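Q: I am new to this structure and would like to learn how to read its features one at a time. Could we go through them together?

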Amino acid sequence: MNFMPIDLVRGAWLVVRQFTARAEATYARTSAVANDSTISAISPGVFCVKMTETLFAHLATKFGPHPENLATEALGYILRRSLPARDAVRDLLREVEVAVPSSLIYRNQVAGGDEAQPDLVGFDDQGNQRLIIEAKFWAGLTSHQPVTYLDRLPREGGALVFVVPAARVTLIWGELLRRCADAELGVQERQTSIPDLRGGALGDGRRLVLVSWRALLDPIGFRLEAADDRRAREDLVQLRGLCERMDAEAFLPVTSEELTIQIYRRVIEFGRLVDEVCAALAHRGIANMKGLRAIAGNGYSGRYLRLRGVGCFLVCDIRKWMKFAPTPLWLSVYGVRWEKSDASAARRALAPLESATPPRMFMAGDNFPTVALHVPVGAERDVVVKSLLDQVIVAADLLGSLGSVEQPAGGEKDMPPDDAQLEA
């Protein structure tokens, strides 16, 4: 968690509260309302402010380098003051078999002897940390997440909940499962009918949950509306405005640290790894690149190849890295006839990778499967290349049967996708 002075966080929230208390009267009296593109009239004297243009969203993105802190403070404020809001959280968590009472006492920024400081913690009547909520917009997981936070929960029952933008649900959930597996914490996933809600049970009764901001705030809003809790509804509008603005404004302000760190040289190195793995595959007779080319575009660079006769694309793809799993390297699989191939056949062949925990195969934007090739951490170059080569060979072995399923029509020459057609 990145920190800003807590007095500044609460001070900003107080300014927003004072604003919302006067907002309706102010807008009704201001002649400029009719000409304000961020405000629309619902009925005479009643106006609606666009969610992304709330004062809280403006203050948070303008003055707060870490808007997650402001969002967490706002969420804690609402939960502390509103029983209907706490009831909504309780009922949402029941969808993933998490039982927490509405009587939890919520506190922000709870430090401990483990050097971790969760965003928001719900304490039961005995002082146990029964619910830990960690809010994210675009920040990554810290070294303490999720294992150190899970260790804080009582073994008889408790839940760690991550709240993230909808676009990050698949990526973050896969990474959470991977980190739990590395710590030898088995997580049994729970099915849910609610989009953007994931849940899993550890063997000792603790729970791991991931939910999008929208999936969390919508049921709170419905419950506040039913209870006619006007004050809490006004607060929720401000918080929702910040969350929707963070979703809408995917471009984050560039920091001086980002321009001076050496992490970006890795993108060049990842591209070289693609070339080395392709060369090793060709040397072993597993891949053929004759007549195929290397291509690059915004956020990706890679090479087409035939893997045991099946058309594939080995690529460093930052877009997939952001969307699906924490790795820059991917193997996109088409078929003998490239885009004219049956995508469902490739998906069936790669089913063992899709059902792995965490999943290693995903369906990309072009509706063809793509396989995550994980880069070993802390390893020398030759070890990294061998690991990537082994992962590609595993996929190649699964694809072996596809080479004889589809054949081009007589005289017809099928070509790989144009670079303009490649999607994440």
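Predicted model: local features only at pLDDT ≥ 70, side-chain atom pairs only at ≥ 80, totals over all residues.

Q: Which way do the residues of strand S4 point, and are they buried or exposed?

A: As a general idea, the side chains of a regular strand alternate between the two faces of the sheet. In strand S4 (residues 120-123), Leu120 and Gly122 point one way while Val121 and Phe123 point the other way, and all of them are buried.

Q: To which strand do 4 bridges join S4, in the antiparallel sense, besides the one already named?

A: That strand is S5 (residues 129-135), which runs antiparallel to S4 and is joined to it by 4 bridges, with Phe123 standing opposite Gln129 in S5. The hairpin of S4 and S5 has 5 residues between the strands, and Gly127 takes a positive phi near 85° in it.

Q: How should I read strand S8, and how many of its residues are buried?

A: Strand S8 (residues 197-202) is mostly covered, since 5 of its 6 residues are buried. On one side of the pairing, strand S7 (residues 187-190) runs antiparallel to S8 and is joined to it by 4 bridges, and Gln188 stands opposite Ala201 in S8. The hairpin formed by S7 and S8 has 6 residues between the strands, and Asp196 in the turn has a positive phi of about 65°. S8 also pairs with strand S9 (residues 206-212) in the antiparallel sense, over 5 bridges, and here Leu197 stands opposite Val211 in S9.

Q: Where does Gly205 lie, and what phi does Gly205 take?

A: Gly205 lies in the loop between S8 and S9, and in that hairpin, which has 3 residues between the strands, Gly205 takes a positive phi near 105°. With a relative accessible area of 26%, Gly205 is partly exposed, because that class lies between the limit for buried, under 20%, and the limit for exposed, over 50%. Although Gly205 and Ala159 are 46 residues apart along the chain, their C-alpha atoms are separated by 9.0 Å.

Q: Which residues of helix H7 are buried?

A: The general idea for an α-helix is that there are 3.6 residues a turn, so residues three or four places apart point the same way. In helix H7 the buried residues are Trp213, Ala215, Leu216, Leu217, Ile220, Gly221 and Leu224. Helix H7 (residues 213-227) has 15 residues and reaches 21 Å from its first C-alpha to its last, which is close to the 21 Å expected at 1.5 Å a residue. Just after H7, Asp228 takes a positive phi of about 55°.

Q: How many aromatic pairs does the structure hold, and why is the pair of Tyr304 and Phe313 called tilted?

A: The structure holds 9 aromatic pairs. The rings of Tyr304 and Phe313 have their centres 4.7 Å apart and their planes at 35°, so this pair is tilted. Tyr304 and Phe313 are both buried, and together with Tyr334, Trp338 and Phe368 they form one aromatic cluster.

Q: Which residues make the nonpolar surface patch of about 300 Å²?

A: That patch is made by Ile261, Ile263 and Tyr264. Tyr264 is found in the loop between helix H9 (256-260) and helix H10 (265-283), and at 48% relative accessibility Tyr264 counts as partly exposed.

Conventions: Residues numbered from 1 in each chain as written. Heavy atoms only, no water. Helix = DSSP H or I, 4+ residues; strand = E, 2+ residues; numbered from the N terminus. Expected span 1.5 Å × (residues − 1). Buried < 20%, exposed > 50% of the residue type's maximum accessible area, 1.4 Å probe, protein only. Patch = residues over 30% accessible without salt bridge, like charges linked within 9 Å, V, L, I, M, F, W, Y side chains within 5 Å. Areas by Shrake-Rupley, 256 points an atom, 1.4 Å probe, with all protein chains shown as cover. Salt bridge = Lys/Arg side-chain N within 4 Å of Asp/Glu carboxyl O. Pairing = 2+ DSSP bridges. Phe/Tyr/Trp six-rings, centres within 6.5 Å; stacked < 30°, edge-to-face > 60°.
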